[in-house]
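Me: I'm new to this one and would like to learn how to read it. Could you show it to me and take my questions one by one?

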Amino acid sequence: TSGSVAFSSEYIWRGISQTDGDPAISGSLDYSHSSGFYAGVWGSNVDYGDDASAEFDAYLGYGNEIGDTGIGYDVGFLRYMFPGEDYNFNEVYGYLSYSIFTAGVAYSSDTLGSDEDGYYWSLDAAYDLPVGVNLYGGIGYYDADENTFTTGVDDYNHYWVGVSKDLAGFTLDLSYQDTD
């Protein structure tokens, strides 16, 4: 069992601000078993300019390695909940990893509570630099049915690059994220 608390200058999910550019506080409680099974809950403040002021997520999954191949996998289920608004939706996901690379896909038949299908494809890499600094980056592609996003688009690209370092029990993280 473990937990975490994060203070962020902004909560960004898949390239889109969830706090209207304002800071966020988030936290999680997680359970993991040596078999690879895990479950947890996560929460953060949000600001969409409506009655939703928080997001709570519940998840469970299973991750392991395929024999001695060095190929890891992770499959799971995630429930997004937004008290005060009806954006709640479920998502299933799967990831494959090898060396510094991870590729994944997440699918929902009710993306953002819209009754529309949506897929989020991602590819990222993380590399440990000297002195305990981690360099990471990646690209994502969100493809949803028409009228899912309030912007009127039905797909977009997301990209990010960052560095992080563990220091005295804390993780300091600086990243740049954007969309097209």
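Me: Where does Asp-20 lie?

Reply: First, some background: this is a predicted model, in which local features need pLDDT of at least 70, side-chain atom pairs count only at pLDDT 80 or more, and totals for chains, interfaces and linings use all residues. Residues are numbered from 1 along each chain as its sequence is written, and side-chain values use heavy atoms, with hydrogens and water left out. Strands (E, at least two residues) and helices (H or I, at least four) are DSSP runs numbered from the N terminus. Here, Asp-20 sits in the loop between S3 and strand S4 (24-32).

Me: Is Asp-20 buried or exposed?

Reply: The general idea is a scale of relative accessible area: buried is under 20%, exposed is over 50%, and partly exposed is in between (1.4 Å probe, protein chains only). Asp-20 has a value of 57%, so it is exposed. Its backbone is worth a look too: phi of Asp-20 is near 55°, a positive value in a residue other than glycine.

Me: Which loop holds Ala-168, and what is its phi?

Reply: Ala-168 is in the loop between S12 and S13. Its phi is positive, about 55°, although Ala-168 is not a glycine.

Me: Why does Ala-168 count as exposed?

Reply: Ala-168 counts as exposed because its relative accessibility is 74%.

Me: How many salt bridges does the structure hold?

Reply: To call one, you look for a side-chain nitrogen of Lys or Arg within 4 Å of a carboxyl oxygen of Asp or Glu. This structure holds one. Glu-91 pairs with Arg-14, and their closest N and O atoms are 2.8 Å apart. The pair links distant parts of the chain, 77 residues apart: Glu-91 is in strand S8 (residues 89-98), while Arg-14 is in the loop between strand S2 (12-13) and strand S3 (16-17).

Me: Are Glu-91 and Arg-14 buried or exposed?

Reply: Both Glu-91 and Arg-14 are buried.

Me: What makes up the nonpolar surface patch?

Reply: Patches are built from residues with over 30% relative accessible area and no salt bridge; like charges are joined within 9 Å, and nonpolar side chains (Val, Leu, Ile, Met, Phe, Trp, Tyr) within 5 Å. The areas come from the Shrake-Rupley method with a 1.4 Å probe, and for residues only the protein chains shown count as cover. In this model, the patch covers about 1100 Å², and its members include Ile-100, Phe-101, Leu-123, Leu-135, Tyr-159 and Tyr-176. At least two residues each come from strand S10 (118-128), strand S11 (133-144), strand S12 (155-167) and strand S13 (170-179). S12 gives the largest share, three residues.

Me: Where is Tyr-159, and how accessible is it?

Reply: Tyr-159 is found in strand S12. Its relative accessible area is 37%, so Tyr-159 is partly exposed.

Me: What is Tyr-73 in contact with?

Reply: Contact means heavy atoms within 4.5 Å. Leaving aside neighbours within four places in sequence, Tyr-73 is in contact with several residues, among them Tyr-62, Asn-64, Ile-66 and Tyr-95. Tyr-73 itself lies in strand S7 (residues 71-81), and Tyr-95 is 22 residues away along the chain, with the two C-alpha atoms separated by 5.5 Å. Tyr-73 counts as partly exposed, at 26% relative accessibility.

Me: Which residues lie nearest the centre of the largest pocket?

Reply: Pockets are found on a 1 Å grid over the protein atoms alone: a pocket is an open set of points with protein on both sides within 12 Å along at least five of seven lines, and lining residues have an atom within 4 Å of a point. Nearest the centre here are Tyr-11, Ile-12, Trp-42, Asp-173 and Gln-177, out of 42 lining residues. S13 supplies the largest share of that lining, seven residues.

Me: How much space lies in the largest pocket?

Reply: Grid points are joined across faces, edges and corners, and a volume is the space filled by probe spheres set on the points. The largest pocket holds about 2000 Å³ of space.

Me: Where is Asp-86 placed?

Reply: Asp-86 is in the loop between S7 and S8. Asp-86 is exposed, with a relative accessible area of 63%.

Technical notes
1 Å grid on protein atoms, 1.4 Å probe; cavity = no way out; pocket = protein on both sides within 12 Å on 5 of 7 lines; lining within 4 Å.
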